[in-house]
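Work through the following exercises with the sequence and the structure open. Each task is followed by a solution in steps.

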Amino acid sequence: MDRFVFLAAAGLARGAVLALFALSLVIVWRTARAVNFAQAAMAAAAVYAAFAVTAATGSYWAGLATGLAAGALLGAGAERGLMRRLPAHAPLPGIIVAIGLVMVLQAGLAIAFGPEHRPMHPPFSQRPFLIGGVPVLSPYDLFTLAAAAAVMAALALLFNRTPLGLQLRAAAFAPETARLLGVRVPRMATLGWALSVAAASLAALLLVPTELGLNPHAVDLLFVNAFAVAVIGGLDSPAGALLAGIGTGLLVSLVTGYVSASAAPLAVLALMTLVLLVRPGGLLAPKEARTA
Amino acid sequence: MSALACEGLTVGYGGAPVIDALDLDIAEGAVVALLGANGAGKTTLLRALTGLVPLRTGRIALHGRDLTAESTEDRVRSGLALVPEGRSVVVELTVDENLRLGGLWRHRRKALDAAAEDMYALFPALDRRRRAPGHTLSGGERQMLALARALLARPRVLLLDEPSLGLAPKATAQLLGVLRATAARTGLTVLLAEQNVTGALSVADRGVVLSLGAVAADRPAADLAADPALRHAYLGF
Amino acid sequence: MSTPLRALLLTVLAIGGTFGLDPFRNYQLATAAACFAAVAGLTVLVGLTGQLSLGHAVLMAAGGYGFASAASAVDGPWPVALLAGLVAAAAASGALGLLLGAAAARLRGPYLAGLTLALVIALPAAANTLPLGGDQGVRAPFLPVPEPLAALIAVEQWHAWLAIATAAVAVTPLVMLRNGRAGLRMRAVLDDETASRLSGVDPGPVKAGAFAASAVPAGLGGAALAIATQQVTPGGYGLGFSLLLVVAAVAGGLGSIGGAAIGAVLVTVLPWGLDELAALAPDGLGRRLDGNLAVLLFGAGLIALTTAWPGGAARLLDRLRAARPLRLATPSTTTER
Amino acid sequence: MRTPTSKAAAALAAAALALAACSTPGGDESVPGVTDDTVTIGTHQPLTGPAAAGYSTISAATAAYFAYVNANGGINGREIEYLVKDDAYDPAATQTAVRELVTEEEVFAIVNGLGTPTHSAVLDYLDQQGVPDLFVSSGSLTWNQPDVYDNTFAFNADYVTEGAALAQYAVEQDPGAVVCVLGQDDDYGEGVIEGVETVVGSNEIAEVQTYSVSSEDLTAQLGAMMAAGCEVNVLGTINGFTAMAVGTAAQMEWFPRWYVSSSGADYPTLAGYLGEDLAPVLLQGMVSVNYLPFSPGGEWVSLFEEINAEYNDGAPFTGNTVFGMSVGYLFCEALAAAGDDPTRESLVAAVESGDLVGNGIVPLSYSGDDHAAYRAVGVTVVNEGVQDYVGATYEVSAGRVTAIEPSPVPLENEGIPGE
């Protein structure tokens with residue numbers, strides 16, 4: 001039982017980061033109908049920016065802000081510079097350009113910074129609180145959960161309760177109609193990319209201090225798992241990302257603890273296959289699917 | 001002064017042009033019916049006017065201002081609105097969201113609320129379904145919503161593409177009635193592309209007949225409605 | 001010229017070409033032939049049915065594992081072992097392809113990409129969990145040069161022959177399939193699923209079948225690679241390699257078999273060439289550039305190709321061909337849509 | 001349209017036959033990779049990719065040592081050319097890299113190829129080609145099969161030996177301790193587990209946890225070990241995961257004793273991961289085993305530090321540096337022993353002769369029927385940020401662990417082997 005509580009708590013913190021990264025994929029899918037396969041590499045580049053600023057100023061928060069800004073800039077730049085030039089209504093070129101971007105960014109980071117792992121220190125203690133002798137969440141875990149929850153809530157508000165969010169959604173669902181209503185659709189796509197990569201960068205910034213250290217591949221596995229999460233939850237559904245993120249985090253933690261580490265990717269694959277066989281559009285797929 | 005003027009408009013998707021060196025001038029406050037058989041180029045002309053289809057040659061001016069180089073969004077923001085053919089309602093959004101979307105660039109928050117209430121007053125059927133998602137609306141409701149959404153932004157020139165398509169005669173009459181009344185009240189300029197010749201000519205001042213991408217006839221509406229030869233030649237009845 | 005005849009001619013040409021290469025180039029040629037089979041499968045799948053698979057490396061691995069275990073198990077003369085291995089490779093990859101295809105038929109683009117991506121990531125875990133030899137993988141039998149040829153050719157050249165022949169066996173039926181009625185159905189599904197449904201073509205089985213049909217050449221490619229390298233490891237079929245196959249398919253021009261050949265050669269030879277180039281750089285810089293430079297330039301090339309020149313190499317060939325009346329012997333069907 | 005194609009085919013076929021001579025085997029009498037004044041050897045190393053962080057410095061150190069030897073006249077008048085190919089720890093890339101080294105560069109031998117999965121991929125190939133495959137950089141038992149792979153020799157003490165020695169020392173220090181193992185989910189972790197079991201008895205390990213190299217964290221594993229009441233944690237982990245295990249446990253306020261296999265216990269590298277401030281605290285008392293002369297201030301280390309400063313641009317001096325230079329020393333010794341006109345056969349014979357001494361703190365065990373390098377290891381402990389041998393040394397053979405005396409090899413002739 002103790003072990004279960006411990007593993008569940010660890011899975012919750014992991015799940016929050018997963019959910020946030022998955023949400024970033026949902027954002028870019030909803031606003032630009034694109035799956036950004038370069039999300040991990042772009043987030044890693046943003047974390048390098050944060051790392052450099054923290055090293056120079058000594059302030060974690062300055063680094064965090066820089067990382068978010070760098071992520072937003074990278075996202076906007078990728079959309080303006082590359083994605084916009086691709087033919088609409090065909091997903092393949094976007095995916096392939098993103099793969100190219102992964103190669104360029106990761107190789108560029110490795111050339112610029114070398115392959116070493118650079119330790120990043122969390123702003124709060126990672127020493128867990130003990131409840132009945134069982135270590136549960138640490139202050140840093142709580143920070144992670146709070147940051148992820150706050151960003152998710154803010155994004156939900158932005159999308160559902162503000163005129164800007166309305167325009168973002170309209171531009172994604174029906175670009176031509178939106179343009180006829182005076183919505184600056186290209187600007188919305190840029191904004192969607194910027195928001196998405198910034199959210200992904202935040203997830204990466206939360207994750208890396210708990211990992212071995214910063215390196216060009218530090219975010220790869222998070223992306224793969226988060227992509228699985230987004231697909232399981234339904235690419236159009238922010239709530240699905242949250243649900244599937246927490247669920248997958250728990251699953252990975254429990255399987256690792258009770259079975260073995262190598263069984264975890266198989267468990268995720270199995271969960272994904274199962275969900276997609278029953279619901280091909282993910283757990284919380286919208287009722288009326290749009291194909292464009 | 002002319003509200004909408006185009007000169008030498010040529011549009012094509014490769015191959016032969018769909019619109020061929022077309023000149024058109026619409027006076028401020030006029031309601032013009034754009035008529036023609038299927039494939040005459042009505043939809044293409046409207047899409048070209050709003051910038052959804054690129055021009056090969058020609059220029060477009062709105063109240064004397066050259067729009068040719070502007071994007072669709074900017075043309076809309078200068079007062080040119082298009083209610084496209086078919087179901088242009090964003091099905092994922094609610095009626096209220098769809099409606100407000102039309103006026104976001106135009107109004108501040110308070111003014112937007114007021115403008116939306118005006119539209120609900122104009123279309124009571126929509127008022128009853130404010131929170132309904134777009135995909136639950138009937139064809140008539142969707143068309144009303146699309147028109148209301150366009151009017152919300154107080155355009156100076158409104159382009160409509162087949163608003164009566166698929167609607168019951170009663171709904172068509174109601175829609176065209178609202179349109180006529182609004183035009184009369186606000187001085188809105190309307191270009192109405194229609195297959196429903198009788199309905200269109202009943203609300204229009206002037207009728208323009210397109211054939212093979214060029215203007216085949218341009219006369220007062222009453223005149224056109226009364227000319228069986230012309231009707232037979234270009235409009236197929 | 002009929003497809004089998006043309007395939008035979010090209011195979012003989014390629015085998016003749018091995019005489020002009022030294023052993024290392026022949027090894028690279030064998031690798032390229034193996035990749036060609038997999039890329040051909042992928043390019044037909046993506047180009048004709050629009051299903052993007054990021055998991056073709058796993059299908060290759062399935063073929064490799066199938067080949068290695070069957071060929072090792074058979075205790076007989078080498079042609080029997082080879083044949084058993086190839087049959088097992090086709091069966092293993094085909095079965096996995098059919099399974100994936102069944103899932104793929106229900107999934108839209110990004111969902112399929114996600115599933116195949118998760119599959120690639122799960123391969124090392126599967127190798128550790130299933131009896132596949134873990135990270136070290138399994139050995140494939142070494143096929144020595146047969147006696148009569150031993151004095152004439154080196155082992156690398158012999159393996160290149162086998163790999164080329166395997167690739168030919170893998171790709172020829174694929175081309176025939178693509179040019180036949182099945183290809184027509186696939187294109188119909190890509191053009192408009194609803195319309196194809198109305199005209200009596202059920203997209204589900206077509207998509208699943210296309211996936212399986214694309215998996216078998218990939219598996220045979222894996223077998224060809226196992227012949228050349230005598231080893232199948234999960235590390236050799238990771239995400240990087242899987243993406244490289246996509247790069248090859250795109251660089252060659254989606255849907256084009258000739259393009260697949262160009263793409264396969266490109267991804268085999270170019271990284272090596274770029275590393276040679278990086279080795280010329282000064283020491284400290286060279287160490288950082290080594291490997292990374294190739295990846296960087298590949299990525300940049302991929303982006304440039306997709307944004308500026310979406311048809312890939314096959315489109316360029318078409319243009320050159322259009323400029324000159326001489327027709328090279330490559331498949332004649334259109335490569336674009 | 002058919003005619004030009006067939007013509008082209010005929011022309012190509014003719015050209016192919018004309019060229020046939022250039023790819024036919026045999027005919028060359030000289031020894032590959034050996035000229036009057038050079039010996040060319042090659043290796044495959046992870047210079048890029050995820051494994052680069054831990055190991056890319058080894059080949060640089062080896063190259064620096066060879067540069068030092070070359071600057072002092074080489075071995076038997078020949079300079080050593082060391083070709084390092086990147087394989088990104090990807091077995092497929094290893095295949096290509098090694099084939100290029102053997103067929104294009106025509107190297108004399110492959111030296112210190114790194115990694116179990118990677119080097120496994122070329123083991124058969126090197127055997128078929130008869131290329132000496134010296135001093136493989138991995139503790140797998142695979143390399144010690146003289147009957148099957150008569151040219152392949154290991155360099156690391158094998159993982160079973162290390163696991164057994166660590167467990168033996170743990171049991172001697174505290175006979176009642178609860179012993180647990182955290183291992184990588186491959187032959188490395190399995191070897192360490194097997195070694196520990198030879199000492200504590202099979203199925204007597206209180207808790208066995210594994211991780212895969214792609215893992216993001218070890219929270220679940222360490223939580224389970226903490227819950228199981230582990231007191232001695234034997235780690236079969238690479239450096240990054242050792243640091244992560246120690247760091248994660250400390251965050252849980254758990255401070256068990258750490259017994260770490262040599263592949264994951266390099267103090268300077270671990271300090272790089274944990275930070276210079278935390279490392280001396282967290283790693284205090286960490287037990288490991290080793291067989292190379294890395295005692296701070298020792299004569300070998302002093303020499304290697306000088307070489308590192310002069311020929312390796314003063315790169316950070318770590319266990320990898322000592323490892324890489326020691327491999328270079330051992331190769332030079334073998335080359336010197338292979339005679340004035342070395343052949344691949346004489347090189348292998350020199351290693352099998354049993355005359356090589358290397359520079360370890362325990363004897364080399366190479367012979368005709370044993371291709372393992374070190375069958376004994378010495379225990380090291382970290383004290384106040386300094387990792388050094390404590391004297392306890394164990395030999396492991398046939399499942400038995402026996403204490404022996406260490407026998408360090410003294411430095412001679414400025415660290416350049418001669419006849």
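**Exercise 1. The core**

Which residues have the most contacts inside the largest nonpolar core, and how many residues does this core have?

Solution. Start with the conventions. The model is predicted: local features need pLDDT of at least 70, side-chain atom pairs count only at pLDDT 80 or more, and totals for chains, interfaces and linings use all residues. Residues are numbered from 1 along each chain as its sequence is written, while chains are lettered from A and ligands numbered from 1 in the order in which they are written.

Step 1. A nonpolar core is a set of buried Ala, Val, Leu, Ile, Met, Phe, Trp, Tyr and Cys residues joined through C-beta atoms within 7 Å. A residue is buried if 20 or more other C-beta atoms lie within 10 Å of its own, exposed if 12 or fewer, and partly exposed in between, with C-beta atoms placed from the backbone.

Step 2. The largest such core has 460 residues, and those with the most contacts inside it are Ala22(A), Val47(A), Ala204(A), Ala37(C), Ala224(C) and Ala248(C).

Step 3. Helix 1 (residues 2-32) of chain A gives the largest share of this core, 19 residues. Helices (H or I, at least four residues) and strands (E, at least two) are DSSP runs, numbered from the N terminus.

Step 4. Leaving aside neighbours within four places in sequence, the contacts of Val47(A) include Gly67(A), Ala204(A) and Leu214(A). Contact here puts the C-beta atoms, placed from the backbone, within 7 Å.

**Exercise 2. A strand in chain D**

Step 1. Strand 9 (residues 257-260) of chain D pairs with strand 10 of chain D in the parallel sense over 2 bridges; pairing requires at least two DSSP bridges. Ser288(D) is the bridge partner of Val260(D).

Step 2. Strand 11 (residues 376-383) of chain D runs antiparallel to strand 10 of chain D, joined to it by 4 bridges. There, Val379(D) stands opposite Val289(D).

**Exercise 3. Confidence**

Where in chain D is confidence lowest, and where is it highest?

Solution. Step 1. The mean pLDDT (the predictor's confidence in each residue, from 0 to 100) of chain D is 85, and 92% of its residues reach 70 or more.

Step 1. Confidence is lowest in helix 1 (residues 2-19) of chain D, at a mean of 42, and highest in strand 3 (residues 109-111) of chain D, at 95.

Key: Contact = placed C-beta atoms within 7 Å.
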